[in-house]
Amino acid sequence: MRLAKPYVPLLALLADRAGMVMSPTALKRYGKGFASHPTCVGPFRYAERVVGDRIVLDKDPNYYDADAVHLRRVIYRTITDGNVRLANLQSGDIQVGDQMDPVQVGRALTEPGLQLFHSSSLGYYGLTLNIGNTKGAGAPPGRIDTPIARDVRVREAFDLSLDRDLINTIVFQGRYRPTCGPLPVGTPYATGSRCPARDLAKAKRLLRAAKVTTPVRVRLQISTTPEDNRLGQVIQAMAKEAGFAVSLAPTEFATGLEHSRAGDFQAATTNWSGRLDPAGNIDVFAGTGGAQNYGGLSDPAIDRLIAEGGTTAAKPARKKIYARLVERVRAAHTVLYLIQPTNYVFVTKKVAGLKVFGDGLIRVKDAGYVRGGADVVSDPRLGESLITLFLVSVVVFAGVRALPGDTATALAGEEPTPEAIAQIRESYGLDDNIVVQYVRYVRHAATGDLGVSSRTGLPVLDSVMEALPVTLELSALALLLAVVVGVGAGVVAAVRRGRPEEWLVNAVALLGLSVPAFWLGIVLVLAFAIAVPVFAASGFVPFGVDPMENLRHMVLPVIVLGSGLAAVVMRQTRAAMLGSLSADYVRTARAKGLSRRQVIMGHALRNSLVTVVTVLGLQLGHLISGAVVTEQIFVLPGFGKLTIDAVFSRDYAMVQGVVLFTSTAYIVVNLLVDLAYSVIDPRIRLGGAQ
């Protein structure tokens, strides 16, 4: 390899990570299709990739030290939500959880079956301020007429309004390290300079000197992750005290990246994974025309220092160059460096030999299961559940294909051509006979791959997991409402039999059973969201973002979904309680002198709960079907919207995935109901146990 001029970071670039060194033979053989046929050198070789879902690597028998490699296969699964990753760790569906955020770290530390690996990251969290990106990153900078772009004093004031230590404590649970530069602490080129403390008085003086009108309005683009939401809210509150009015713009990652590259932003959060050589953390971000210089910074002094750092090999001299470079970049206040993260990786104790380094990549060459770690747990009822799931999959698979209309025609657009339709049918395997399609579907579903949505192009499992928390919260709250109201009213109706209280409860229950959910939803919206705007008419706010807003959006949907179920629970509780109150054991309890409360709650109600629990288990289907209607009324992004959109667009994979998922949930709930019987009534034992 011959270079036109010396370039010191070259070896660090080549040794950085997979993809930097590529096989000339493979490039020649596959051409433009090389990305789909990566050629690896190491203990594992590429086997399969499903975009957005998984990457599969198999052990390479040709590796020089293959005998020392313990794992036969490594599967990297894409699970974007940290809570879902933790849940999969707890259930044993995955053995390693990468990139766990500090909130999940706090929860996972209490899990006895997990072990923690961590290392200081080479990267940083920060903010990028757009001062000249008008034509896209890499293009010559232009003029942006905003206070924060025009005057460095405004940017410095914004920087001084932020308390890095407090951001670390509130947003990252104190598990990261505050920073104010691009070179991470602990690396050879780290400058070691202290970050300036928050100084509201100086920030206000700078704004006055800049002669800007306060509050200075700043639109901050953040990603949709929980961490970025927390970070954005904290920055918003801190900057307000200095004279800034920050508005948050939550943006999906890919869209946010496009906006940043195009310069379509004022300020944006930045999360850089870091590189081994200091050039990888500075050059493309601060150099004029840099590919990731999204802020449009252009400074000849910075460009000269970057060039010197790239050609100076002596470490002491190079370290001085980068110390000056860091100070110059910080003085521009285009990138505000806030936090140096820590890489947290949780691993089940059944696995040993993993290694985690500062680049955040997990080394699995020496990893393997401890003796007895890869065990399998079975249950006598598992066979019945699998048979049920098989029958459900057959019915759903055949049913969605019996719907009128053609998926390929629907996807081909308003003016489909025969060629386009044929290409779509071939791409999605619709040309194969239905048996081949079904076998392929079952084979993939057995590995957790529910397919890719023909409507969105995203993995079905990702879409299901995104909608699941909404439907789960709605169903759980509706179930809670049904239990509290239904059981309470049922007990009152049984104890006060023949009295006005019973008549009132029966009338309300009959009303709850008779009123259609869609009508009740419309009435509640008109009354409590429009006439008296106490609750929200539509939409969803996650509980973790704003608990009060979450409650305001969920009250009406929960009432709509839970009212009918509460009526059913009330009637069943009343009937069961009437039978229990006339039983011999209740008369015996009274004869022993027990109080009325003890007789009702400790004897009659407990024995009646077996019937109630059975009803609740069987009513899961009502919750699921009711959630579809309720979510449509209140525009909740849960299973209801997912299902309706999938049916209307003939999205086979999505319909099959949602139904299979809900069927599995139904089976699991009924298994839990069986287990609950023995807790409520010790006389009941499951599975023939003595």
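**The disulfide and its setting**

Mentor: In this predicted model, the torsion about the S-S bond of cysteine 180 and cysteine 195 is about -100°, so the disulfide is left-handed.

Trainee: Which parts does the pair tie together, and how many residues apart are they in sequence?

Mentor: Cysteine 180 lies in the loop between β7 (177-178) and α8 (200-210). Cysteine 195 is also placed in the loop between β7 and α8. The pair therefore ties together parts whose separation in sequence is 15 residues.

Trainee: What is the S to S distance in the disulfide of cysteine 180 and cysteine 195?

Mentor: A disulfide is assigned when two cysteine sulfur atoms are within 2.5 Å. Cysteine 180 and cysteine 195 are joined by a disulfide, with an S to S distance of 2.4 Å.

Trainee: Does cysteine 180 count as buried or exposed, and what is the class of cysteine 195?

Mentor: Buried means under 20% relative accessible area, and partly exposed lies between that and 50%. Cysteine 180 has 7% relative accessibility, so this residue counts as buried. Cysteine 195 has 28%, so its class is partly exposed.

Trainee: For the protein as a whole, what percentage of the residues count as buried?

Mentor: The protein contains 26 helices and 16 strands. Among its 690 residues, the share that counts as buried is 42%.

Trainee: What share of the accessible surface belongs to carbon and sulfur atoms?

Mentor: The accessible surface of the protein is about 36200 Å². The part belonging to carbon and sulfur atoms is 60%.

Technical notes
Residues are numbered from 1 along each chain as its sequence is written. This is a predicted model: local features need pLDDT of at least 70, side-chain atom pairs count only at pLDDT 80 or more; totals for chains, interfaces and linings use all residues. Side-chain values use heavy atoms; hydrogens and water are left out. Helices (H or I, at least four residues) and strands (E, at least two) are DSSP runs, numbered from the N terminus. Buried means under 20% relative accessible area, exposed over 50%, partly exposed in between (1.4 Å probe, protein chains only). Accessible areas come from the Shrake-Rupley method with a 1.4 Å probe; for residues, only the protein chains shown count as cover.
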